[in-house]
Number of protein chains: 2
Amino acid sequence: MFVHHVFFWLKNAGSEEDKAKLLEGLKGMTSIDVIKTSHIGVPANTNREVIERGYDLSWLLIFDNPDDQEIYQVHPEHKAFVEKCSSLWSKVVVYDAIDI
Amino acid sequence: MFVHHVFFWLKNAGSEEDKAKLLEGLKGMTSIDVIKTSHIGVPANTNREVIERGYDLSWLLIFDNPDDQEIYQVHPEHKAFVEKCSSLWSKVVVYDAIDI
């Protein structure tokens, strides 16, 4: 199992228009075949000190293995997403975790 | 769907003994009934600039809804884990994401 979790901070913080564009871009990738599970999220209302709540959208992908994640990285639909949407965000944080 | 993703940095960085203790503590919680999916991870070998690789263990939980996550937070097994293991880590970062 390979967990790929991405958190996006919009350049135009609070812009619903840009958030909608990014959301549309993410939704367009959910059909990529190597993705086993996907989730597009926003920060929950939980609010303890250790919780990072500053991001605008989260993108969780679960793959069967690291190779599938590499296939996703170079997939034409992923490349098209980056080209179309990368101007929308100012910061991205990624966590890639594998089985221990 | 409620995604709860926790990243742990050990106080004794690099201690395999402390990592094993924390791992054991996490494994002990996987049977909590409101948890729909769980994954215990370590950083993958991916190494782009945006990837955070400094943590020692990750703990991904998926719940059906925010209420189930609240039940988990106050579950006796979760409280016992915090009591037993919180001295092991120096830093915790949590992301709680819900459906948009």
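1. The model is predicted, so local features need pLDDT of at least 70 and side-chain atom pairs count only at pLDDT 80 or more, while totals for chains, interfaces and linings use all residues. Residues are numbered from 1 along each chain as its sequence is written, chains are lettered from A in the order in which they are written, and side-chain values use heavy atoms, without hydrogens and water.

2. Chain A contains three helices and four strands (DSSP runs: H or I of at least four residues for helices, E of at least two for strands). Their order along the sequence is β-α-β-β-α-α-β. The radius of gyration of chain A, 14 Å, is close to the 13 Å that the globule rule gives for 100 residues, so chain A is as compact as a globular protein of that length (C-alpha atoms; the rule is 2.2 Å times the number of residues to the power 0.38).

3. Of the 100 residues of chain A, 53% are buried (under 20% relative accessible area, 1.4 Å probe, protein chains only). Among chain A contacts (heavy atoms within 4.5 Å) between residues at least 6 apart in sequence, 74% link residues at least 24 apart.

4. The contact between the chains involves 36 residues from chain B and 36 residues from chain A. Together the two chains bury about 3,000 Å², with 67% of it on carbon and sulfur atoms (accessible area lost on being put together, 1.4 Å probe, summed over both). His39(B), Tyr95(B) and Ile100(B) supply 22% of the area that chain B buries against chain A, more than any other three residues.

Key. Buried < 20%, exposed > 50% of the residue type's maximum accessible area, 1.4 Å probe, protein only.
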